[in-house]
Amino acid sequence: MVFKSIASTGLLALSATQFAAGVLADAPTCPKDTPLSCSTSSEQASCCFNTPGGSFLQTQFWDYDPATGPSNSWTIHGLWPDNCDGTYEQFCDSSREYSNITAILKDQGRTELLSFMNKYWKDNSGDDESFWEHEWNKHGTCINTIEPDCYTDYTAQEEVGDYLQKTVDLFKTLDTYKALAAAGITPSTTKTYTLSEIHDALAAIHDDFAPYVACDGDNLNEAWYFYYVRGNLITGEYEPSEKLTQSNCPDSGIKYVPKSNGQESTCPNRR
Ligand SMILES: *[C@@H]1O[C@H](CO)[C@@H](O)[C@H](O)[C@H]1NC(C)=O
């Protein structure tokens, strides 16, 4: 309703994407001097301060077998609120666990988001809906700044749509495939790469902070980009930060398997 009335005045031309991205979200706008998450232990949990989960990870897969998503893109794993020491809470509110994410997004008119998710937020066993449910139920419910009480004009499951949209928005700014390619790191059945080459290539898109990268054996298959957030999860500012976990990849001889190539992946780090 808010969107419609503003649009019809002709004062502002906002696209559906901008709307879904939270331009008019009713998650709170927080004071500029709100402390950055994890920067202090004296700040209480509030709708403007993420705690205990104050380290946010936008996590991605390179799923090559079975291959999921476009062959020239990584895919979304999730957005996780880890504690400032790298541990994490999970499944924090059973009353807000859902098994109807697709229906929720359709009901909220977030069709553009849904089609992006269908292309880039892929489950490696083919059940994207269940994967989205898992990610929301396990991680999304643990983010204190998007609890329903934080909304001024809350509508049913609004925070679920906001959370999924924020995850997608961050993912769009973190094009792992392109960043690696820019450093000459491309999928290959023969070439191998060093961990420091990969770290450097990806640090270049994350304020010089290398993400955590994971391997399945010698094969590169995950990247986790760490952030702290100033303010609310939806309306706040994201500051890239140092990874809190060290890579399990070998220092050299890392393979980046093309998505068309058939090799077993067990994805040990899936969560
Ligand atoms: C999704 O499931 C919840 C919980 O069962 C329910 O309250 C809600 O109405 C459902 N939403 C839609 C759009 O079906």
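1. Helices H4 and H6. In this predicted model, helix H4 covers residues 111-120 and helix H6 covers residues 158-172. Two packed helices are described by the angle between their axes and the distance between the axes. Here the axes of H4 and H6 come within 11 Å and cross at roughly 55°. Angles from 65 to 115 degrees would count as roughly perpendicular and those under 35 degrees as roughly parallel, so H4 is oblique to H6. The crossing in which H4 passes H6 is left-handed.

2. Gln157. This residue sits in the loop between helix H5 (128-138) and H6. Its phi is positive, about 60°, although Gln157 is not a glycine. Most residues other than glycine have a negative phi. Gln157 is also one of the residues that surround the ligand.

3. The ligand shell. Besides Gln157, the ligand has Tyr98, Asn100, Ala103 and Asp107 around it. By residue class, the shell holds 2 nonpolar, 2 polar and 1 charged.

4. Contact and cover. Which residue has a side-chain N or O atom 2.4 Å from an oxygen atom of the ligand? That residue is Asn100. On its own the ligand has 360 Å² of accessible area, and the protein covers 45% of that area.

5. Thr51 and Pro52 are joined by a cis peptide bond, with omega at about 5°. Pro52 belongs to the loop that runs between helix H2 (16-20) and strand S1 (53-61).

Note on methods:
Residues numbered from 1 in each chain as written. Predicted model: local features only at pLDDT ≥ 70, side-chain atom pairs only at ≥ 80, totals over all residues. Heavy atoms only, no water. Near = heavy atom within 4 Å. Polar contact = N/O pair within 3.5 Å; in protein donor to acceptor, adjacent residues only side chain to side chain. Areas by Shrake-Rupley, 256 points an atom, 1.4 Å probe, with all protein chains shown as cover. Nonpolar A, V, L, I, M, F, W, Y, C, P; charged D, E, K, R; others polar. Axes fitted to C-alpha atoms, helices over the stretch in contact; angles between N-to-C directions. Helix = DSSP H or I, 4+ residues; strand = E, 2+ residues; numbered from the N terminus. Parallel < 35°, antiparallel > 145°, perpendicular 65-115°, else oblique. Left-handed = near helix turned anticlockwise from the far one by under 90°.
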